[in-house]
Structure formats: C-alpha cells, structure tokens
Amino acid sequence: MSSLTLAIETSCDETSAAVVQGTRVVTNVVASQASMHAKWGGVVPEAAARAHVEAILPAIEDALGDWTVDGIAVTNRPGLVGALSVGVSAAKALALTWQVPILGVHHLEGHILSVLADGCAVPFPHLCLIVSGGHTELVWVESPCRYRLLGQTIDDAAGEAFDKGARVLGLGYPGGLAIQNAALGGDPDHYRLPRGLARDPANFSFSGLKTAVARLVEKEGVHLSVSDAAASLQEAIVDALATKAMHAVEANEAQALTLVGGVAANVSLRDRLSSECARCGAAFHTPRFELCTDNAAMIGIAGGIRLARGESDGPDLDCLPNALLPGLID
Ligand code: KG4
Ligand code: ZN
C-alpha cells in the first residue's frame, strides 16, 4: 500500500492542506482568501501571509483528521515568499515533531501532476498546457519529474488577462469566473480583440488585451455590451491558448494533451480543447474543477512521487519567489 503524505500549499491566496495516498486524494481542504483580496482588486502579499497564519493550523487539523502520515510535501517555490514561509514553517515543525521526511515541491510540478488525481490513467509522454494567475506554459511531460519547456508567455499570464480584463469591465476579482459568467449569452464575435504573437507557434502574449478592452470601454461608453465584451475577451484568450496548444500537439505528435491550473476551470477552454483533441485523435485530460485552482492535493501527488523515490529536504529548506521547474531536459 502506498504511503500517506500530508501536503501543504500557501504560495498565493489559498491556504490548503491535504492527505493523499499515491495519487488518491484522501482529504483536500482549501480556505480561500479571494473575498478578502477582492476589496483591493488583487492579492496583497502582506495580507495574504497574515491570513495564512490564521488559517493554516485549522486547515491542517481538518485535512489530517485521524490519519498518521509517512511524509510531508510543502510548496516552497515559486510564489510570494511571505505566504510560502507560513506553509514551510508549519511543515518543518510537524516533520520535526513526527520524525518524518519533508520535501519542498515546485508549485507548477503540482499543477502538471494534478491530472493524475484519483488514479486517472494519463499516458506519458504527453503535452501539458499550464494556465494560471501567474503562469502560462506549454510543457512536454516526458515522465513524472522530466519536463521540456516548449513555450510560455512573454508578459502577462492567461489568468492575469482574465483578472485585468474583469477589472476594466467592472466585474470584480478574481476575474476568471466573473468573465465566464458575464459571457453567458454574450456574442464572442461581437468585438474583435487581439491574439498576441499570432505568428509565434509556441509563445503567448496577453498584455495587449487589457489595453484593447480599456479602449473598447472608452470608445463604446454607455453603448458597451458587457456580456459581449466578456464573451469576446474570453474568446480571444481561449483562441490564443487553443491554437498554440493544438499546434504543439500536432508538431510533437502528442498522444495526449492535459490542461491544468486555475484557468483550466474555464468551461469554454475545456470544451474547445476537448473537441479539438477528439478531432485529431489525441486524448484530453483535465482535473476536476476543485483541483484546477490552487490546492494541496496536487502538491501531495507530486511530492508523494518524489518522496517515494527517496528524495527529501533538510531543516534548511528555503522559500524561493522564482524557480525553474525541476527535472528540465533540453
Ligand atoms: O492556479 P491558480 O489558482 O493560482 C495561481 O497559481 O496563479 O489560478 C488562479 C487564476 C486566476 O487568475 C483566476 O481568475 C483564474 O485562475 N480562474 C479562471 C477561472 N477560475 C479561476 N479563469 C477563467 N475561467 C475560470 N472559470
Ligand atoms: Zn497555481
């Protein structure tokens, strides 16, 4: 029977703790700070760290219940250092008390391996599109822990494009779900918004979208249809992501595409990639909704794989604001 891992995730604005056994998610507790940050229209690092301090022990207690774990996996990079250090300090204290190994996990490796949750049979190698509030990357996943970076955003992440667009349209924070809801019933072809780096097959650019939406709001004034604008913005982001992901599927003859990260919760993006993959004969996998946005279960799955290989960190485990994916190959 595989070992039980306690996982902790505090890299941004969700305080999360989970217990996983191999890829089976036993418990997954997520305390979101989104409503607090909504007041300021985005994540305030100091406030995030303080809220993690308040929420971390109840989240761990809830997730742990009566389970006894064999190891601890904690997100230690990349992310807000003040926020990360709350999770890492708690993990170190528990590892010392229980005398179990601790392992620092790269947040994106957690997202990439989140598709394996609950024994989902995803073939390797496969192509992975990571789309979150901080990242937009196309990664070739040779095997768990061996990755090749094929492309990435040169400016804003896809989630940032949703969040900034929502702010300009007065739809609040976080913007992804707000845009998705406002787009219901809207016409995605009503306003033409730019697809950045259209000639580059693998890299993305989303910074022009916010300016384009701001100009649209100014030009249309009271005549602006918010639902058409939200639908057109969503379409511009989905179209840019899907065009390049499908190009990469074909260029690399991938047998499967996975979609992970907070923006993977977007129904329009899931539907578009699912039908395009079906058309070209590639399998398509994306986690259930609650494992798309930040959660500790994905950190437990990634950390559990590495702990099972005998990897662990010492008491000097550090928190890093930026870090390359581990196991990158050329
Ligand atoms: O992975 P995540 O929880 O945090 C980071 O690692 O950044 O992603 C958060 C991002 C936010 O930008 C949020 O607006 C976006 O995911 N998001 C969505 C949806 N739900 C969350 N974007 C589009 N459609 C959604 N339904
Ligand atoms: Zn994330």
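# Questions about a predicted model

Modeller: Strand β7 and strand β8 (residues 146-152) run antiparallel and are joined by six bridges. Keep in mind that this is a predicted model.

Colleague: Why is strand β7 called largely enclosed?

Modeller: β7 covers residues 136-143, and six of its eight residues are buried, so the rest of the structure largely encloses the strand. To count as buried, a residue must have under 20% relative accessible area.

Colleague: What is noted about C145 in the hairpin of β7 and β8?

Modeller: This hairpin has two residues between the strands, and C145 takes a positive phi near 85° there. C145 is a residue other than glycine.

Colleague: Is C145 buried or exposed?

Modeller: Its relative accessible area is 5%. The limit for buried is under 20%, so C145 is buried.

Colleague: Where does Q99 lie, and what is its phi?

Modeller: Q99 belongs to the loop between α3 and β5. Its phi is near 55°, which is positive, and Q99 is not a glycine.

Colleague: Is Q99 buried or exposed?

Modeller: Q99 has 65% relative accessibility. Exposed means over 50%, so Q99 counts as exposed.

Colleague: How do you know that K39 is exposed?

Modeller: K39 has a relative accessible area of 63%, and the cut-off is over 50%, so K39 is exposed. It is placed in the loop between α1 (34-38) and α2 (45-64). The C-alpha atoms of K39 and Y173 are 8.3 Å apart, although 134 residues separate the two along the chain.

Colleague: Why is H106 called buried?

Modeller: H106 has 1% relative accessibility. This falls under the limit of 20%, so H106 counts as buried. It is part of strand β5 (residues 102-106).

Colleague: What makes the contact between H106 and L324 a polar contact?

Modeller: A polar atom in the side chain of H106 lies 3.4 Å from the backbone oxygen of L324.

Colleague: In which sense do β4 and β5 pair?

Modeller: β5 and strand β4 (residues 71-77) pair in the parallel sense, over five bridges. R77 is the residue opposite H106.

Colleague: What is the peptide bond from R77 to P78?

Modeller: This bond is cis, with omega near -25°. P78 sits in the loop between β4 and α3 (81-98). Another cis peptide bond joins F124 to P125, with omega about -5°. Most peptide bonds are trans.

Colleague: Which residues come nearest to ligand 1?

Modeller: There are 18 residues around ligand 1, and G133, D163, G176, G262 and D294 come nearest. The largest share of this shell, four residues, is supplied by α6.

Colleague: How do you know that D163 makes a polar contact with ligand 1?

Modeller: A side-chain N or O atom of D163 is 2.7 Å from an oxygen atom of ligand 1, and the limit is within 3.5 Å, so the pair qualifies. The side chain of N266 has an N or O atom 3.1 Å from a nitrogen atom of the ligand. For H111, a polar side-chain atom lies 3.3 Å from an oxygen atom of ligand 1. Taken alone, ligand 1 exposes 560 Å², and the protein buries 88% of that.

Colleague: Which pocket does ligand 1 take?

Modeller: Ligand 1 takes up the space of the largest pocket.

Definitions and conventions:
Residues numbered from 1 in each chain as written. Chains lettered and ligands numbered in written order. Predicted model: local features only at pLDDT ≥ 70, side-chain atom pairs only at ≥ 80, totals over all residues. Heavy atoms only, no water. Buried < 20%, exposed > 50% of the residue type's maximum accessible area, 1.4 Å probe, protein only. Pairing = 2+ DSSP bridges. Near = heavy atom within 4 Å. Polar contact = N/O pair within 3.5 Å; in protein donor to acceptor, adjacent residues only side chain to side chain. Areas by Shrake-Rupley, 256 points an atom, 1.4 Å probe, with all protein chains shown as cover. 1 Å grid on protein atoms, 1.4 Å probe; cavity = no way out; pocket = protein on both sides within 12 Å on 5 of 7 lines; lining within 4 Å. Sits in = over half its atoms within 2 Å of the grid points.
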